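Dear colleague,

Here is the structure I said I would pass on. Please keep in mind that the model is predicted. My notes on the sheet and the helix packing follow below.

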Amino acid sequence: MSEPPARKLIIAIDGPAGAGKSTIASRLARKLGYANLESGAMYRALALRAILTDTSFDDEDTLVNLARNSRIQLEPAATANRVLLNGQDVTQRIRETDVTEGASRVSVHPEVRAWMVARQQEMGANGGVVMEGRDIGTKVFPNADVKIFLDADPVVREQRRMQQQNLRGAAAEASAAEIRQRDQRDRTRATSPLVPATDALILDSSSMSEDQVLERVEEVVREKLKI
C-alpha cells in the first residue's frame with residue numbers, strides 16, 4: 001500500500017527591506033518543489049503600471065482600478081520568478097529605484113492592499129507555497145503552517161543591499177536612506193503594519209550567513225511536516 005502524498009504547507013516569510021526574505025523564500029521553494037509567491041513583486045508591478053499611466057501614487061481609487069484592470073503574473077524561473085505585467089516581462093524593470101519607491105507608496109493604501117491580499121490568498125489557497133512579504137503571516141495567511149519573521153540590524157541590511165547592488169558613494173547613501181524610509185512607512189502604516197505574527201519564529205540574521213538562515217528555516221519546516 002503506497003503512502004499518501006506529503007501534505008503541502010503554506011509557509012509565510014515576513015520582514016523588513018533588506019532582511020533577505022526574497023533569497024531565502026526562493027531557495028526554500030526550490031528545495032521543497034513549492035511555488036514562490038513574492039508579494040512585493042505584485043506591488044512593484046502595480047507601481048510600474050502607475051508610472052506608465054502617469055497615475056499618482058497617492059490616488060487610491062485610480063490605483064485600485066489599475067490593479068483590477070492589470071494582469072500580474074509570477075512565473076517560476078531557474079533562480080527567481082519572472083514577473084509579467086499584461087503579458088510583458090518586467091522582471092528587471094520593477095527592481096529599479098523609481099519602482100521600488102513607488103511600490104512602498106502604493107502599498108500604504110487600504111483598498112490596494114485588500115485587492116492584493118485577495119489575489120494572494122487565491123494563489124496560495126491550495127498550499128505548496130512559500131510566500132514572502134510584510135503581512136503574510138498576519139494578514140494574508142494568518143493560519144499559515146509555518147511563519148518566519150526574518151529581521152536584521154538596519155545597518156547590516158543597508159550594507160547587504162549596497163553589496164548586492166554594488167553601490168558606492170551617493171548611490172549607496174540613497175539606497176540606505178530608501179531602506180530607512182521604507183522601514184518607517186511599513187512599520188507605521190494604518191493597514192497591516194510590519195509586525196511579527198504572534199506565533200512567528202523571529203530570526204535575526206544580522207550575524208548569520210544565508211545558508212545558516214536557510215538551514216534554520218528548513219528545520220522548522222521539517223518539524224511541521226512530521227505532524
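**The sheet**

Five strands form an open sheet with parallel pairing, in the order β2-β6-β1-β7-β8. The edges are taken by β2 (35–38) and β8 (201–204); each has a single partner strand, so one side of each is left without a neighbour in the sheet. From one strand to the next, the twist averages 20°.

If you want a place to look in the viewer, take Phe149, whose bridge partner in β8 is Ile202.

Helix α2 packs on this sheet, where it touches β2 and β6 (129–133). The direction of α2 makes about 45° with that of β2.

Two helix pairs involve α2, and I take them in turn.

With α3: helix α2 covers residues 39–52 and helix α3 covers residues 60–68. Their axes come within 10 Å and cross at roughly 110°. Angles of 65 to 115 degrees count as roughly perpendicular, and α2 and α3 are therefore roughly perpendicular to each other. The crossing of this pair, α2 and α3, is right-handed. On the α2 side the residues in contact are Leu46, Arg49 and Ala50, and on the α3 side they are Leu63, Leu66 and Ala67. By class, the contact of α2 with α3 has five nonpolar residues, no polar ones and one charged.

With α5: helix α5 spans residues 110–124, and the axes of α2 and α5 come within 11 Å, crossing at roughly 135°. That makes α2 and α5 oblique to each other. The crossing of α2 and α5 is right-handed. From α2, the residues Ser39, Met42, Tyr43 and Leu46 take part; they meet Val112, Arg113, Met116, Arg119, Gln120 and Met123 of α5. The residues of the contact of α2 with α5 divide into six nonpolar, two polar and two charged.

**In short**

Regards

Technical notes: Residues numbered from 1 in each chain as written. Predicted model: local features only at pLDDT ≥ 70, side-chain atom pairs only at ≥ 80, totals over all residues. Heavy atoms only, no water. Axes fitted to C-alpha atoms, helices over the stretch in contact; angles between N-to-C directions. Helix = DSSP H or I, 4+ residues; strand = E, 2+ residues; numbered from the N terminus. Parallel < 35°, antiparallel > 145°, perpendicular 65-115°, else oblique. Left-handed = near helix turned anticlockwise from the far one by under 90°. Contact = heavy atoms within 4.5 Å. Nonpolar A, V, L, I, M, F, W, Y, C, P; charged D, E, K, R; others polar. Pairing = 2+ DSSP bridges.
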